[in-house]
Amino acid sequence: MAQAINARRKGDEYQALLFWHHLLKLRTGDVVESVTLESDRVSFVDDIVVKYNKPQCDRSTGKRFVWVYYQCKYHVTEGGAFRAKNLIEPDFIHCSESMLKRLYDAYVKLLNNKEDFCLYIVSNWNWDPGDELTKHVSDDKKIRDTFYENTRKSKRGKIRADFASHLSIDERLLKDFLETIRFDLGKKIDSIIEILNLHLAKAELKPIDTTKSTLFYDDLAWKLFEQRRNSFNCDSFNKMLKEEDLIIKPPANHSEISIFSYPQVYRRPHDIQVAHLDLSNLFEDRYPTSQNCWEEIPGRVIYFFENEKVKNLPNPVYLYFDCHLSIAFFTGYIKNLKFRNLKIIPMQKFSNSPDEAWIFPVQLNNKGQMWDEEPLNWLKITEKTLNQLPDDIKINLENLKDKIFSKKQLIYKFEELKIKDQIDRVINYCEVLDKIDEDLVIGISVTHPVQNELLPFLQSKGLNNLPVTILEPINGTGYTSITGGEHAWNLAHRLRKLLDNALLAGCNAIHFFYSGPVALAYIFGNMLYMVKNIQFYEHDFRKIRYTYNYYPSVKITSDIGL
């Protein structure tokens, strides 16, 4: 009896902690509409139900869902594992029907209700690494298409046949059913508490005291359930947090503000911020409602910082960016021109680690290489260049005559022309320019390479005749490319020096393309205030609206802010 009670109690604790994990999304995000504990919408996958305010896209399948149904399975015994055969064994879940059958019944009911949904099994047990099905479960928790390959005589084929026979359906319907299921396994209570404490801190809520035996948030979840307060939306959740005195007052040693332009999966709660610029009425999701929106943004950003409440904030001011990269860039640019009295510290958000204050370093680094192309020199293919080359090479370069390239960009061009082996020979005959006075295209690759999608866009807009330079940090691209605030400020400082040394006063404009952290976009803007004309471009990473995936956004001109 005691063992059964303990198992039930640990299962309730596990479910309550996962409930809070999803509840916090109502406070620190804009995409979840409601979260329910012990729902009566459908049986079995009823432990937690999350409803989104708009259809979400499963990027691995392209399918849309609004509802996510969770079944939590906590196992007291250690060392157990999920295997294919477990899914069709009733004893595995101590029930008269198997897990797969109960999932299928829920699937059929929801399908008949014409809902867009997916089903989650969450457990502290993991997949058995030696089980055949394990080989076909992807990192995003779904069963891969490889599971449906090969004949029925193969190991995976026999599992498919067993599943289909168990459910009395054919394999085509089995595939449709299994594509709605996600197996989120290996989630231990200790790791859930660690992640939950991180997100409680981001939400400015009281943390879980890991030195105590009891879990306050577990007890509160079930007390609320007893009171029939088991379903929350954003308003009712924040109301409950205030009633239960769970919100922590923000520290008095800094001010906090934010700029918001589109719905966030993670953001800081607005009720702990002194001021908040909301530009979301200019956008539908991430997309501008019209091109005129970008023309309106500079004035609204300037007006926000000119407001007495913001202008007289105690320093330092932590600035969070829940907005487009170009808006962050412009904010950094205009701050250095008009609002130098504010000591703004750009905040870089992280979904699964603490946010970072990217503070301006005590001393900027002027030593060592930071970008992959330093110094930024220019090469020009002239008539003299062509005359010194053999005809078989010359014929490929006629269209490049009198055009200016950075060395790296010329290498890209030769790869495109399939004559890369001739690059060193051609460079020897190019005219070398220390500085140029033409408009310039800059691509900055920090988290993702911009090269592949940038060049077709430039071609489509007639910008491919301009000098182009694409830079990336010397340590390469990726989400860990920037090591912190000091590194970010030094990168921006070095970029400024590169442009100071490479551009003449006759350079009328820079076309700026960027992939990287939003706080670094602010820092670039802050450092490049000496450039009087900048056209920033946003990237349509969803590839929905814009043919070439880039589109012009904020434009900075010499009279901005006057």
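# Briefing: cores, pockets and backbone details

The largest nonpolar core has 75 residues, and those with the most contacts inside it are Phe-305, Ile-444, Phe-512, Tyr-514 and Phe-524. A nonpolar core here is a set of buried Ala, Val, Leu, Ile, Met, Phe, Trp, Tyr and Cys residues joined through side-chain atoms within 4.5 Å. Apart from that core lies another, of 42 residues, among them Val-50, Tyr-52, Tyr-217 and Ala-221.

A word on the ground rules: this is a predicted model, in which local features need pLDDT of at least 70 and side-chain atom pairs count only at pLDDT 80 or more, while totals for chains, interfaces and linings use all residues. Residues are numbered from 1 along each chain as its sequence is written, and side-chain values use heavy atoms, with hydrogens and water left out.

**Overall build**

- The protein has 17 helices and 23 strands; helices (H or I, at least four residues) and strands (E, at least two) are DSSP runs, numbered from the N terminus.
- Its C-alpha atoms fill a box of roughly 90 × 65 × 45 Å, taken along the principal axes.
- Of the 562 residues, 54% count as buried; buried means under 20% relative accessible area, exposed over 50%, and partly exposed in between (1.4 Å probe, protein chains only).
- Among contacts (heavy atoms within 4.5 Å) between residues at least 6 apart in sequence, 71% join residues at least 24 apart.

**Inside the largest core**

- Not counting residues up to four places away in sequence, Ile-444 touches Trp-371, Val-450, Leu-471, Leu-495, Phe-512, Phe-513, Tyr-514, Ser-515 and Phe-524.
- As background, nonpolar side chains tend to be buried together in soluble globular proteins.

- Helix 16 covers residues 485–502, 18 residues in total, and reaches 26 Å from its first C-alpha to its last.
- That reach is close to the 26 Å expected at 1.5 Å a residue, where the expected span is 1.5 Å times one less than the number of residues.
- Helix 16 is mostly covered, with 13 of its 18 residues buried.
- Ser-481 sits in the loop between strand 20 (468–471) and helix 16.
- Ser-481 counts as buried because its relative accessibility is 3%.
- A polar atom of the Ser-481 side chain lies 2.6 Å from the backbone oxygen of Gly-476; a polar contact is a pair of N or O atoms within 3.5 Å, where within protein one must be able to donate a hydrogen and the other to accept it, and residues adjacent in sequence count only if both atoms are side-chain atoms.
- Leaving aside neighbours within four places in sequence, Ser-481 is in contact with Val-446, Pro-473, Asn-475, Gly-476 and His-487.

**Pocket and cavity**

- On a 1 Å grid over the protein atoms alone, a cavity is a set of points where a 1.4 Å probe fits but cannot get out, and a pocket is an open set with protein on both sides within 12 Å along at least five of seven lines; lining residues have an atom within 4 Å of a point.
- Grid points are joined across faces, edges and corners, and a volume is the space filled by probe spheres set on the points.
- The second largest pocket holds about 590 Å³ of space.
- Of the 22 residues lining the second largest pocket, the closest to its centre are Arg-8, Cys-72, Lys-73, Tyr-74 and His-94.
- Helix 1 (2–23) and strand 3 (64–73) each supply at least two residues of this lining, and helix 1 gives the largest share, 6 residues.
- The structure holds 1 cavity of 30 Å³ or more.
- The largest cavity has about 40 Å³ of space and is lined by Arg-286, Tyr-287, Glu-538, His-539, Asp-540, Phe-541, Arg-542 and Tyr-551.

**Backbone details to look up**

- Most residues other than glycine have a negative phi, and most peptide bonds are trans.
- The peptide bond from Asn-315 to Pro-316 is cis, with omega near -5 degrees, and Pro-316 lies in the loop between helix 9 (308–311) and strand 13 (317–322).
- Glu-374 and Pro-375 are also joined by a cis peptide bond, with omega about -10 degrees.
- Glu-204 is not a glycine, yet has a positive phi of about 55 degrees; Glu-204 is buried, with a relative accessible area of 12%.
- Asn-549, in the loop between strand 22 (534–539) and strand 23 (550–556), has a positive phi of about 70 degrees although it is not a glycine.
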